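Here is a report for someone who is new to reading protein models.

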2 protein chains.
Amino acid sequence: MTTLVTGIGELTTQDPERGTLQDAALVIDDELIAWVGPAASAPAADERIDVEGRAVVPGFVDSHSHLAFAGDRADEFAARMAGERYDGGGIARTVEATRAAPDEVLRALLARRVAELRAQGTTTVEIKSGYGLTVDDELRTLRLAAEVTPETTFLGAHVVPAGTDVDSYVALVTGEMLHACAPHARWIDVFCEPASPHAFDGDAARTVLEAGRAAGLGLRVHGNQLGPGPGVRLAVELGAASVDHCTYLTGDDVDALAGGDTVATLLPGVEFSTRSPYPDARRLLDAGVTVALATDCNPGTCSSSSMPFMIALAVREIGMTPAEALWAATAGGARALRRTDIGVVAPGNRADLAVLDAPTHLHLAYRPGVPLARSLRSPTRRRLTRR
Amino acid sequence: MTTLVTGIGELTTQDPERGTLQDAALVIDDELIAWVGPAASAPAADERIDVEGRAVVPGFVDSHSHLAFAGDRADEFAARMAGERYDGGGIARTVEATRAAPDEVLRALLARRVAELRAQGTTTVEIKSGYGLTVDDELRTLRLAAEVTPETTFLGAHVVPAGTDVDSYVALVTGEMLHACAPHARWIDVFCEPASPHAFDGDAARTVLEAGRAAGLGLRVHGNQLGPGPGVRLAVELGAASVDHCTYLTGDDVDALAGGDTVATLLPGVEFSTRSPYPDARRLLDAGVTVALATDCNPGTCSSSSMPFMIALAVREIGMTPAEALWAATAGGARALRRTDIGVVAPGNRADLAVLDAPTHLHLAYRPGVPLARSLRSPTRRRLTRR
């Protein structure tokens, strides 16, 4: 079954050979892109969708989320905005709610959140565990997350739970918990933040990451969010796919990123929602670092699931152009997940696309907060142009 | 035909006697609210809608927009974000596009934009002219705007068009143009900004406003956006319903607002989209000033039509609590339009409501960029809960 998508006013391919096309078309064959080019030379197909001049971009790749949780912490957010200090301790509340939620409740929450993402143009999402913090609850979280995405990340090392010490918890995370969780995860991640009493220092983070790698998992790091630290350099040294946050960077950190193949994933929704200093994307881009944007959607520090909002923030606050921000939210996210089949619109890649209710990609930053993007991935494909 | 809306997890009434209700219901009789109270004591009705625990708030009242235009200026926005200076001259480009657009094109654009607002929970929108700047084009703009809202504002005094001087343009605005436009407008507005070569100083603004008042129009002012000036005090002195922007205020300005009955309408989307300093809502609220929030949706300085985004910005950037921001976006907007039939959920008022895909109003700021709000105003009423 082939589908011709025509009437594309602007097509951002992120493919260096094709660039951005006006008056474009593409052909989808089942789940894959079969053809991309000018509308005038489009081949025939079994069915045809006219997007009536709208812009089409690669579906957003949200490479950092914590969607597997129960409860919310809107009251904590409101208190923080009123001037209270946030130290990360609020995670314990989400851990309690998540442990208490039956499978069916968590499954329904995950399904609802993924639908919310898709409705906003996100076609790939990474989901971390980290609100279980016991062998059974981490395993359960990952099993459920794996039902909705292949990009599952074991984040037992999210925080050190109350009532235990870091050494014995790291032993659990790298022992029984890793053994149970590894079959259900593609990645392992660790919150490396020596400044936080709840997180992990460089040595503990190295132990976690090396154990994960030995178990066959790819590496990701939460690093340099709350202050300077070893997270970024450790991530690069160990060949992690991505180090996320990158708010406090030294010159050495930037040099390490520029010289390695670890993506710097920026999460400006966190700084928006915690009123913290923003990272500096311009500095990273000018140094030649590969930058991705993601939501970090979680109940504490950023409850937004909107990739268009992250693009708008990236343009307003962290020195990216609209084109750079869109690249970071699509091809950049794909790099951060070491995926070559998404994030770029090219024949053979997955037909994961977003349609904008707008003539150009600039509108994602030009019209902040307006729900312009929707995913154009089957089975919702047909419905989208009827609106 | 009466409709019982039940399953309301949280109902923000903005009615001092009722406050915020949990497990609430309300009855709509045609276009009006007939009953508000606890779900347990709800009366019978002809039909019933269950919003399944969602929060319900008054429909947003967007008391400042410039929706009657053609074209866009996304490229100007991108250039500004890249560091170019914005001096307001870009309005001329929108004037040219708007004049060139046939009635049917402008009518379709207005219909599409109003639908976009409604889909985001806005149930009342004020629309200004100001991209015509000739008698015929201002009149045409207002006629078309009046087809979609009763809150039409004659803003012939938006900028002084190229090729004319301020005195002769003010004579036109207060003479032939006002005579033609007044029957199609409820309000008159003027861009009072002595710092801008394209706008009007205090004397010119006074002339425009006094002429409008004599023609039976209510008064509104764009004031103190780009620098200190006489706009705010002039608005209060003349009894304007609202003075909008209020970015640069002296102590005297704040005292004048606190002592008068002119609403201060803040438009933080403008500062977001122009990377300008934000106004200080906290200072105004602490002084006892009535504050409204609106989008200013226009092709130059803020192309967002999202009232939830303005609420999120108000909480993040200008010192408002989520409850204050929601009040400003609903009851505050109604005050800015001198309307008592909207903005407050109470029997006898219009049944203009927004439903949130969230359990509380806090989520509007807690989940920035996520399309949580939709209007629950007939005829879309039935469709909303099916999603």
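A salt bridge here is a side-chain nitrogen of Lys or Arg within 4 Å of a carboxyl oxygen of Asp or Glu. Before we use that, some ground rules: this is a predicted model, where local features need pLDDT of at least 70, side-chain atom pairs count only at pLDDT 80 or more, and totals for chains, interfaces and linings use all residues. Residues are numbered from 1 along each chain as its sequence is written, chains are lettered from A and ligands numbered from 1 in the order in which they are written, and side-chain values use heavy atoms, with hydrogens and water left out.

**Salt bridges**

A search of the whole structure turns up 54 salt bridges over all chains. Here are three of them.

| Pair | Closest N to O distance |
|---|---|
| Glu31(B) and Arg350(B) | 3.2 Å |
| Glu116(A) and Arg367(B) | 2.8 Å |

Start with Glu31(B) and Arg350(B), which form a salt bridge. This pair links distant parts of the chain, 319 residues apart: Glu31(B) sits in the loop between β2 (20-29) and β3 (32-38) of chain B, and Arg350(B) in the loop between α13 (331-336) and β15 (353-356) of chain B. Helices (H or I, at least four residues) and strands (E, at least two) are DSSP runs, numbered from the N terminus. To say how covered a residue is, we call it buried under 20% relative accessible area, exposed over 50%, and partly exposed in between (1.4 Å probe, protein chains only). Glu31(B) is partly exposed at 28%, while Arg350(B) is buried at 18%.

Asp75(A) is in helix α1 of chain A and Arg93(A) in helix α2 (residues 91-100) of chain A, so the pair ties together parts that are 18 residues apart in sequence. Both are partly exposed: Asp75(A) has a relative accessible area of 41%, and Arg93(A) has 39%.

Chain A also has a salt-bridge network, linking Glu52(A), Arg54(A), Asp357(A) and Arg374(A).

**Where chains A and B meet**

What joins the two chains? Arg367(B) and Glu116(A) form a salt bridge. Arg367(B) lies in the loop between α14 (363-366) and β16 (373-375) of chain B and Glu116(A) in helix α3 of chain A, so the pair joins two chains. Arg367(B) and Glu116(A) are both buried.

In total, 40 residues of chain A are in contact (heavy atoms within 4.5 Å) with 40 residues of chain B. The area buried between them is about 3,400 Å², with carbon and sulfur atoms giving 60%; buried area is the accessible area (1.4 Å probe) that two parts lose on being put together, summed over both. Phe272(A), Arg316(A) and Tyr366(A) supply 24% of the area that chain A buries against chain B, more than any other three residues.

Which residues of helix α2 (residues 91-100) in chain B are buried? They are Ile91(B), Thr94(B), Val95(B) and Thr98(B). Looking down the axis of α2(B), its buried residues fall within an arc of 105° (taken from the directions from the helix axis to the C-beta atoms), so they line one face of the helix. Glu96(B) and Ala100(B), on the other side of α2(B), are exposed. The buried residues of α2(B) pack against α3 (103-119) and α4 (135-146) of chain B.
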